[in-house]
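Subject: Structure handover

Dear colleague,

Here is the structure we spoke about. Please look it over, and then read the notes below.

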Amino acid sequence: YDKVDLYLGISGHPENLPWLPDGKFQKPNKLTASELHLRETLKGMGRVATPYRAGVTTEGLKHNKYRSRCYGRGACNRHVGGCDIHAAFDSPTGLIYPAMDTGYLTLRTNATVYQVDVDKNTGRASGVSFIDTGTGKTYQAKGKAVVLGASTLESARLMLLSKSSQHPGGIGNSSGHVGHNFCEHIMGPGVTGLVKDQIGKAPTLDDGKPGGFYLPRFRNLKEKNKNFLRGYGFEGGAGSRMFPSHAFETPGYGKDFKKQVRDYSGAFIEMGGFGELLPRYDNYVDIDPNVKDRWGVPVLRMHIKFGENEKNMAKDMAEQAKEMFEHAGIQIIGVDENLLTPGWSIHELGTARMGNDPRKSVLNQFQQSHDVPNLLVVDGSSHVSASCQNPTWTIMALAWRSCDHLAEAMKKGEV
């Protein structure tokens, strides 16, 4: 984690919470007046609203010429692809361009992999087969090791598609767990409120930052909740925006309309929950026998649903969100109680889980296939739990550790 923090840059404020470990932070974005008010009042409930932790360099990175520090310009969402000065982490400027500068990376564009190839004599991975999406021609890339980082669903699809006499259920799937134990974050429940003493205040520049606040998990830490396992956190924000979204719902027109929009622009505050979907074997994906993508590769079928644990958690999310705003003296404008559809969080995890027992897991602690030692899966597939925090930093920290292990193994001739 420290290596990722220092290499990519992360902004945040240390809180010394065991269930929300602190990192090697650059300076955090300032909380707005409403966010600061919420932070102070929640201390009375034993809860914390911390400045949003984000993969954004606020102080710059001397080792990366492709990225600039965040200037708080408010352009986070105005450029296709996000931050146009790359203060916010993105794969091209954060990882790929620097890797290409070493001279050790070959980047093959327009290449869609459809299979991990297997050596018929050893059963090990020998490379990948891919389609040139521009010409439709197929090619093979050979290698001593194959590292999949295609994302949870696509890596599972590749493994399931890669059948051979040595791996009849798909490569690395002797346990039967590839595609299973899907987990993510449940979303939907939340609250919107109005901080009355901010009405009519002079506007401030609050949209020039990547997030507002994060309220970490407080359920099932010491006292156990009888209605559900695990926990949830909230992401939220408040303050003035370049274009106040409430203008669409504000009645009227003309001078009075404009004044009301301006007066209320910095007074709204909202937060939404991110809860843990428990990993279950019966939440899974498999290969569709009938449907193929535009390149003729079979697609995935989803067999995913929320259980009673998630429904009970969502109910508590909405209740607690409302209670916290009321405790802070914030006028409740609306409470969302319904769960959004599975997949909404785009935090898919768990389809090739790690574990010590090859009968019940797909990968070892270094994200290395139990069945095929020169095959690694370094994305969210390896997670055994979604927890309730955003997974990107953990994915990269594990990938770094796993690739270090692979490099050592190759030096020793083990791979």
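In helix α3 (residues 91–101), the residues Thr93, Gly94 and Pro98 are buried; buried means under 20% relative accessible area, exposed over 50%, and partly exposed in between, with a 1.4 Å probe and protein chains only. Helices (H or I, at least four residues) and strands (E, at least two) are DSSP runs, numbered from the N terminus. Seen down the axis of α3, its buried residues fall within an arc of 100°, so they line one face of the helix. That arc is taken over the directions from the helix axis to the C-beta atoms. The buried residues of α3 pack against α1, where contact means heavy atoms within 4.5 Å. Glycine 103 follows α3 and has a positive phi, near 85°.

This is a predicted model, in which local features need pLDDT of at least 70 and side-chain atom pairs count only at pLDDT 80 or more, while totals for chains, interfaces and linings use all residues. Residues are numbered from 1 along each chain as its sequence is written, and side-chain values use heavy atoms, with hydrogens and water left out.

Now the salt bridges. A salt bridge is a side-chain nitrogen of Lys or Arg within 4 Å of a carboxyl oxygen of Asp or Glu. By this rule there are 19 salt bridges.

One of them joins the side chains of arginine 39 and glutamate 15, at 2.8 Å from N to O. Arginine 39 lies in helix α2 (residues 33–42) and glutamate 15 in the loop between α1 (2–8) and α2, so the pair ties together parts that are 24 residues apart in sequence. Both arginine 39 and glutamate 15 are buried.

Another salt bridge is formed by the side chains of aspartate 293 and arginine 157, at 3.4 Å from N to O. This pair links distant parts of the chain, 136 residues apart: aspartate 293 is in the loop between β11 (284–292) and β12 (298–303), and arginine 157 is in helix α4 (residues 152–161). Aspartate 293 counts as buried at 19% relative accessibility, and arginine 157 counts as buried at 10%. Glu154, Arg157 and Asp293 are linked in a network of salt bridges.

The side chains of arginine 219 and aspartate 316 also meet in a salt bridge, at 2.8 Å from N to O. Arginine 219 and aspartate 316 are both buried.

Regards
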